[in-house]
Amino acid sequence: MTPSAACRWCLLFWLVVGSNLTAAEPEPAGDAAAREFFESKIRPVLVEQCYRCHSAATGKAEGGLQLDSRPLTRKGGDRGPAVVPGDPAASLLLTAMAHTDSDLKMPPKKDRLPDAVINDFRSWIAKGAIDPRDKAASTALAPVSIETGRQFWSFQKPVAHTPLKTSHAAWAQRDLDHFILAKLDAAGLKPSADAEPATLLRRLHFDLVGLPPKPEGREQFLRAVQQGSLDVALATEVDQLLASPQFGERWGRHWLDVARYAESSGKEANVSFPYAFRYRDYVVDAVNADIPFDRFLVEQIAGDLLPYDNDKERARLLIATGFLAVGPKNLDEGNAKQFAADVIDEQIDAVTRAVLGNSVACARCHNHKFDPFFMDDYYALAGVFASTRTFFGTFVSPTNRIGGDPLVLPRGAGEQILHASVTRAHVEMLKQQLVDLKAEKIVTLTDALRVFWRSGGIEGELERVDEDGRALPLAMGVLEAEKLTDAPLLERGEVDRVGKTIPRGFPRVIELPDLTTIPADHSGRLEFAQWLTHPDQPLTARVITNRVWRHLFGAGLVRTMDNFGFSGERPSHPELMDDLAVKFVANGWSLKKSIRDIVLSRTYRQASTYREDAFRTDPDNRLLWRASKRRLEAEAIRDAMLSASGELDFTRPVGSLIASTIGDRPISLIGLDTRLPTDLDGSRQRSIYLPVIRDRLPDVLDLFDFAEPSLVTGDRETTNVPVQALYLMNSGFVQARAAALADRLMRETDDDEHRIRRGYQLCLSRDPDEDERRAVAEFFRQKMLLPGNEEQRRRQLLQTYCQVLFLTAEFRNID
């Protein structure tokens with residue numbers, strides 16, 4: 001069926017039965033990723049490059065322009081608006097930064113800012129110039145002192161709490177329920193009734209494995225509830241789901257959001273990371289194995305420094321350090337010092353934001369404006385990562401050749417190798433070509449570019465084989481650097497303004513007396529990992545349990561998932577947060593035990609039914625008087641279609657599209673390689689295995705609020721925009737799944753009534769009510785009276801019916 005025909009059928013069917021299939025959409029969660037981009041990429045540049053001449057703090061507004069608040073930035077100065085959201089060409093700030101107007105250059109009397117910075121501003125403006133600065137500061141903000149910081153709630157060690165007595169104590173199933181009840185009691189509210197068992201089952205399946213329950217499993221569960229008890233049936237179901245291989249794919253993807261996992265460098269060059277898939281698979285396997293979370297973190301930060309018994313374990317630990325290597329990189333940066341400093345900065349930001357819920361990277365250019373992190377703290381950590389060599393392994397060598405090499409794994413590990421071996425003669429030929437190229441005389445820029453690209457390709461090919469031409473098992477990751485060094489403090493973060501040397505160490509606001517020194521012959525990475533996972537560390541367990549809570553309830557106890565600092569939101573239930581963190585550590589840092597405890601609580605079991613009295617008191621449901629309706633993530637929407645159509649392939653792919661060789665060479669330069677398919681949605685395997693290419697995501701991920709793969713993302717946005725509906729109506733992928741589901745229904749039964757019922761069961765995990773059944777049956781009856789081939793018409797009707805089920809809000813939401 002053509003897209004236009006599908007639209008006509010869908011619209012016609014929608015007019016008949018659409019009102020019976022809709023459900024309320026959840027409210028958007030806000031522009032958290034956009035605000036994070038501003039805070040990490042835009043504000044620091046404004047502070048360092050612009051505020052000295054254009055801010056209230058300095059008392060200067062040269063040219064009538066102030067840039068320390070959103071209203072004043074958009075108002076602009078004597079020449080006009082500095083920033084016009086959505087229109088980079090009309091934004092004079094960008095014009096000045098790019099030096100495209102000889103009479104308007106900022107910063108004045110200085111070289112043009114790096115292309116990466118200018119492109120960040122261009123992207124920020126094009127996407128709406130999200131800017132949380134409502135008012136200009138009347139004075140410069142003084143950083144929080146270390147002593148004051150140690151008194152702040154998140155920097156104090158969590159302690160176990162005894163829940164208060166409540167008026168509905170018999171309602172509680174778990175300790176956490178008592179904490180929820182206490183807050184509800186204080187507000188004069190009561191919890192909601194339990195959700196219907198079938199509704200609860202669907203919620204549980206999507207939350208734990210990211211897939212709908214099978215109709216047969218649903219019937220079995222409902223029988224178990226009727227014949228026994230809901231408590232026993234739920235516990236049995238939860239244990240089965242936690243043991244399922246699909247659990248690691250679902251919850252591993254949550255961690256990949258935080259780990260800013262991607263398969264290309266991003267930035268201007270956007271070169272592929274062909275070995276990133278090994279880190280993705282490591283995460284899935286580690287989550288399925290329920291590796292204690294403290295060990296999970298240590299492996300990713302310092303796995304290369306841990307003991308091992310065999311080559312297979314050594315390879316696994318090396319692959320784990322891919323966490324430090326998969327971040328975005330500006331491979332066009334020609335200044336080696338700047339490139340190295342930027343890689344270190346990105347690693348510091350990723351580790352501290354992911355694990356501590358605070359970014360120490362904000363202290364790169366100045367003491368942190370809000371939190372007790374100082375430049376000395378930043379450069380103490382910078383020394384740790386400056387003593388680390390990062391391997392990210394690109395098929396084409398970057399301009400600066402820093403760290404572009406892949407990490408070689410032990411041959412005995414048995415890791416699958418996706419590239420071919422070559423002959424020894426071929427290796428020698430490549431080496432000679434490289435020698436000849438480097439001997440060529442370079443006169444023009446064209447000569448230089450020709451030599452660079454040819455030599456880069458040759459070096460990339462040589463890196464993939466040994467001296468005999470045998471293909472090597474390769475990965476992304478880190479090792480100790482040959483030279484261990486302390487980092488100098490860089491004034492304003494500028495690599496050419498070198499200040500005093502800072503000894504390697506950790507943020508001083510958190511005191512862990514037995515982990516204060518780093519041996520001279522260590523980089524400090526292993527000690528840093530141990531510092532992060534120390535039982536007395538106040539932040540790590542809180543941050544991860546808060547991440548778990550957010551994925552099960554739609555919002556964290558602290559809603560600012562990646563900001564546990566002074567500018568972040570305070571916890572809605574501080575005693576509960578502490579209690580969960582303490583138990584998480586006491587239970588061996590087990591992710592599965594923590595999830596099991598939460599999903600078997602009465603709090604999780606509540607219905608999402610709207611109650612006027614409770615809504616007036618707590619419109620945001622921060623007290624959890626009901627379950628919040630939630631839209632499914634992009635991956636769950638796509639996987640649910642494949643599950644309903646019966647096409648879902650549960651096998652893990654070997655490698656990924658980016659790791660594959662197409663023709664005689666691998667995909668490398670994302671923007672220039674025309675062999676990269678335009679349709680990246682088409683695989684029938686789970687969505688976690690779709691290619692994650694920075695700035696070129698598969699449509700379904702891009703449209704349904706996938707995590708920005710260049711940033712630590714603990715809380716995805718949730719939008720509801722027309723282009724999502726257009727995708728569900730016109731996408732070839734969605735139409736193909738609807739056709740496959742129609743074929744499945746025709747194979748499984750000859751009766752249209754049964755097909756209607758089966759469609760509801762496969763897509764919505766319920767039977768149609770009587771009104772819905774009659775409306776759909778009448779639609780079928782009327783359309784079957786039209787002239788033409790009956791079998792063909794029936795199949796078209798079924799495909800339309802199936803696609804409309806995919807279009808419903810109920811399909812892409814959980815109650």
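A salt bridge here is a side-chain nitrogen of Lys or Arg within 4 Å of a carboxyl oxygen of Asp or Glu. The model is predicted, so local features need pLDDT of at least 70 and side-chain atom pairs count only at pLDDT 80 or more, whereas totals for chains, interfaces and linings use all residues. Residues are numbered from 1 along each chain as its sequence is written, and side-chain values use heavy atoms, with hydrogens and water left out.

**View 1. Salt bridge between R250 and E633.** The structure holds 74 salt bridges; in one of them, the side chains of R250 and E633 meet at 3.1 Å, N to O. R250 belongs to helix α11 (residues 245-258), while E633 sits in the loop between β9 (630-631) and α25 (634-645), so the pair ties together parts that are 383 residues apart in sequence. Helices (H or I, at least four residues) and strands (E, at least two) are DSSP runs, numbered from the N terminus. R250 is buried at a relative accessible area of 10%, and E633 is buried at 19%. Buried means under 20% relative accessible area, exposed over 50%, and partly exposed in between (1.4 Å probe, protein chains only).

View 2. R758 is buried, with a relative accessible area of 15%. Beyond its neighbours within four places in sequence, R758 is in contact with P215, E216, R744, L745 and E748, where contact means heavy atoms within 4.5 Å. Two of these residues, R744 and E748, form a salt bridge whose closest N and O atoms are 2.9 Å apart. R744 and E748 are 4 residues apart in helix α28 (residues 732-748), which separates them by about one helical turn. R744 counts as buried at 14% relative accessibility, and E748 as partly exposed at 40%.

**View 3. Salt bridge between E770 and R773 in helix α30 (residues 770-784).** The two side chains meet at 2.5 Å, N to O. E770 and R773 lie 3 residues apart, about one helical turn. E770 is partly exposed at 41% relative accessibility, as is R773 at 25%. Salt bridges that share partners join E753, E770, D771, R773 and R774 into one network.

**View 4. Packing of helix α7 (residues 175-186).** The buried residues of α7 are L176, D177, F179, I180, L181 and L184. They pack against α20 (540-553), α21 (574-586), α22 (591-599) and α23 (602-605). After α7 comes G188, with a positive phi near 75°.

Methods. Expected span 1.5 Å × (residues − 1).
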